[in-house]
Amino acid sequence: MAEKLLRFVTVSRHAPDKRPAAARRRDFDEISAGFDAAGAALQAARCSQCGVPYCQVHCPLHNNIPDWLKLTAEGRLEEGYAMAAATNTFPEICGRICPQDRLCEGNCVIEKGFGGVTIGAVENFLVETAFAEGWVRPIKPVVERRQSVGIVGAGPAGLAAADRLRRKGYRVTVHDRYDRVGGLLVYGIPNFKLDKAVVARRADLLRAGGIDFVLDFALGRDADLATLRERHDALLIATGVYKARALKAPGAGLAGVVPAMTYLTASNRQGLGDAVPEIASGALDADGKRVVVIGGGDTAMDCVRTAVRQGARAVTCLYRRDRANMPGSQREVAHAIEEGVVFEWLAAPEALLGDDATRAVRAIRMRLGPPGPDGRQEPQPIAGSSFELPCDLAIEALGFDPEDLPTLFGAPDLGVTGWGTLAVDPRTLATTLDGVFAAGDIVRGASLVVWAIRDGRLAADGIDAYLRARESATETPAMAEAI
Ligand code: FAD
Ligand code: SF4
Ligand code: SF4
């Protein structure tokens with residue numbers, strides 16, 4: 001049944017129902033089953049069809065949100081899906097894990113006063129319907145091109161580029177050091193936010209569309225950059241950022257102090273059915289432990305919620321700024337609180353205490369002082385306010401930096417920025433090396449999946465323009481006449 005639009009005055013915002021927190025704590029399943037058709041149509045019908053849609057402006061992919069909301073409200077779901085898929089390579093992933101409160105929904109004009117339209121959940125509904133109805137099909141390029149593109153990194157940036165290049169007819173090979181396709185979608189982000197079957201379904205589609213994957217292949221270990229450049233007409237580096245920022249505090253080397261990615265990767269591997277000795281031995285298992293997670297971003301939120309599900313006795317998040325200034329999505333903070341996580345805002349670690357293994361974190365209360373060079377208020381310690389938190393497992397979630405790629409890849413001429421990310425032309429994402437492009441976190445620093453997808457699509461267009469220019473430059477006059 002078609003719903004009338006502009007219903008935001010009479011229909012309240014309603015996100016898809018979540019499972020009760022007590023049930024969520026016991027498993028790693030997604031916390032919501034999403035909308036049914038009636039729910040999606042009614043919520044989509046709340047859209048006021050703005051002349052200047054701020055939702056679209058603030059979506060990094062500039063999705064045609066009002067148009068596909070209208071199509072959903074009218075029950076024209078196949079057209080709605082086609083429109084959503086035209087600008088977003090992986091809408092089912094963004095619909096689930098974009099921090100919509102900071103992007104499309106947070107900027108919806110009816111957000112103040114009425115509550116923004118549930119854009120992400122409608123996007124997810126459209127794509128899940130499309131999968132169920134068989135509207136999502138493998139890529140079939142109209143022409144086959146002979147040039148080959150090598151991609152290093154099978155995360156969202158590399159995969160978005162692979163999809164777009166294959167659609168243009170190029171031969172595409174994606175390499176990754178992991179044994180599965182998806183990057184942080186598989187080994188970083190937990191299953192309760194993004195079911196691994198959703199990522200595997202995309203990987204299968206990409207394979208069926210003719211994209212080749214070379215897994216367990218690490219650039220810098222199994223080949224250097226020059227070797228890959230010889231094998232392909234163009235290359236894309238989309239290797240993400242993985243060097244964990246370490247805690248600089250006495251006791252940081254004690255047993256029981258672990259980096260967030262080590263912890264999350266082990267948990268994700270266990271969920272995928274792999275044997276994980278560090279979980280079997282208890283080293284990376286929070287079961288029965290008092291866990292303290294240090295940090296306030298998405299990674300920290302994923303760690304606290306994973307620890308809850310592993311059966312931790314108590315889980316505390318220690319963050320040096322306040323709730324309003326946390327980099328993590330407010331939606332995820334709310335989920336964590338519902339699931340029993342305790343937040344110590346405005347508190348920073350001073351030391352990890354213990355003989356061989358950690359038994360407590362000594363922390364100090366902070367206040368927010370004047371803004372620093374990045375415009376954010378600087379936390380300052382309050383003298384004499386130290387306190388101790390009992391802790392058997394401390395997880396460091398302080399962010400990530402790039403590795404030294406020119407050295408790792410044996411490519412000293414590969415230009416980097418002052419932050420160690422790869423230097424690129426912002427229009428094409430071309431690096432300083434001819435025919436080598438870069439996309440995703442390795443260009444912008446630790447960021448979001450939706451930005452990685454946008455970069456991947458942009459880099460694919462840059463590579464396409466580069467290869468076409470090279471092809472026309474090598475055409476003989478006779479070939480040009482024949483064309
Ligand atoms: P990645 O996803 O990191 O993929 C890079 C790939 O390159 C990996 O598969 C890696 O194995 C491979 N690789 C690296 N080096 C080599 C090499 N030398 N040779 C071969 N392969 C190599 N974003 C959101 O939008 N929403 C969220 O909820 C969210 N949650 C997050 C939770 C966690 C725990 C983390 C860590 C990040 C989260 N993010 C989230 C951020 C998001 O995951 C990243 O911004 C995004 O995955 C970046 O994509 P990418 O393709 O650039 O890199
Ligand atoms: Fe919103 Fe992300 Fe979808 Fe854009 S891609 S509409 S930001 S959920
Ligand atoms: Fe609809 Fe909100 Fe976008 Fe306006 S800003 S078009 S109300 S979703």
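A residue is called buried when its relative accessible area is under 20%, exposed when it is over 50%, and partly exposed in between, using a 1.4 Å probe and protein chains only. With that in hand, Leu 346 counts as partly exposed at 25% relative accessibility, and we will come back to this residue below.

First, some ground rules. This is a predicted model, in which local features need pLDDT of at least 70, side-chain atom pairs count only at pLDDT 80 or more, and totals for chains, interfaces and linings use all residues. Residues are numbered from 1 along each chain as its sequence is written, chains are lettered from A and ligands numbered from 1 in the order in which they are written, and side-chain values use heavy atoms, with hydrogens and water left out.

Let us begin with the whole chain. The protein chain has 20 helices and 15 strands; these are DSSP runs numbered from the N terminus, with helices being H or I of at least four residues and strands being E of at least two. The radius of gyration of the chain is 24 Å, close to the 23 Å that the globule rule gives for 483 residues, so the chain is as compact as a globular protein of that length. Here the radius is taken over C-alpha atoms, and the rule is 2.2 Å times the number of residues to the power 0.38. Along the principal axes, the C-alpha atoms fill a box of roughly 80 × 60 × 45 Å. Buried residues make up 53% of the 483 residues. Of the contacts with a separation of 6 or more, 69% are between residues 24 or more positions apart, where contact means heavy atoms within 4.5 Å. The chain exposes about 20,900 Å², and carbon and sulfur atoms supply 53% of that area; accessible areas come from the Shrake-Rupley method with a 1.4 Å probe, and for residues only the protein chains shown count as cover.

Now turn to the ligands. The residues around ligand 2 include Cys 59, Cys 94, Cys 98 and Cys 104, along with Glu 123 and Val 450; a residue is near a molecule or strand if one of its heavy atoms lies within 4 Å of it. By class, this shell has eight nonpolar, three polar and one charged residues. Ala, Val, Leu, Ile, Met, Phe, Trp, Tyr, Cys and Pro count as nonpolar, Asp, Glu, Lys and Arg as charged, and the others, Gly among them, as polar. Around ligand 3 you will find Cys 47, Cys 50, Cys 55 and Cys 108, among others, in a shell of ten nonpolar, one polar and no charged residues. Ile 119 belongs to the surroundings of ligand 2 and also to those of ligand 3.

In helix H2 (residues 37-44), Ala 40, Ala 41, Gln 43 and Ala 44 are buried. The buried residues of H2 pack against helix H4 (65-73) and helix H8 (119-133).

Next come the strands. Strand S1 (residues 148-152) and strand S2 pair in the parallel sense over five bridges, pairing meaning that DSSP finds at least two bridges between two strands. Gly 150 has Thr 173 as its bridge partner in S2. Four of the five residues of S2 (residues 171-175) are buried, so this strand is largely enclosed by the rest of the structure.

Further along, strands S10 (residues 347-353) and S11 (residues 360-371) run antiparallel and are joined by six bridges, with Ala 347 partnered by Arg 365 in S11. Six residues lie between the strands of this hairpin, where Gly 354 takes a positive phi near 155°. S11 is in turn joined to strand S12 (residues 377-390) by nine bridges, again antiparallel, and Arg 367 has Gln 380 as its partner in S12. The S11 and S12 hairpin has five residues between the strands, and Gly 375 takes a positive phi near 85° there.

Most residues other than glycine have a negative phi. Leu 346, in the loop between strand S9 (342-344) and S10, has a positive phi of about 55° although it is not a glycine. Asp 216 also has a positive phi, near 55°, and lies in the loop between strand S3 (212-214) and helix H12 (225-231).

H12 also holds Arg 229, which is partly exposed at 33% relative accessible area. Leaving aside neighbours within four places in sequence, Arg 229 is in contact with Leu 235, Leu 433, Asp 434 and Val 436.
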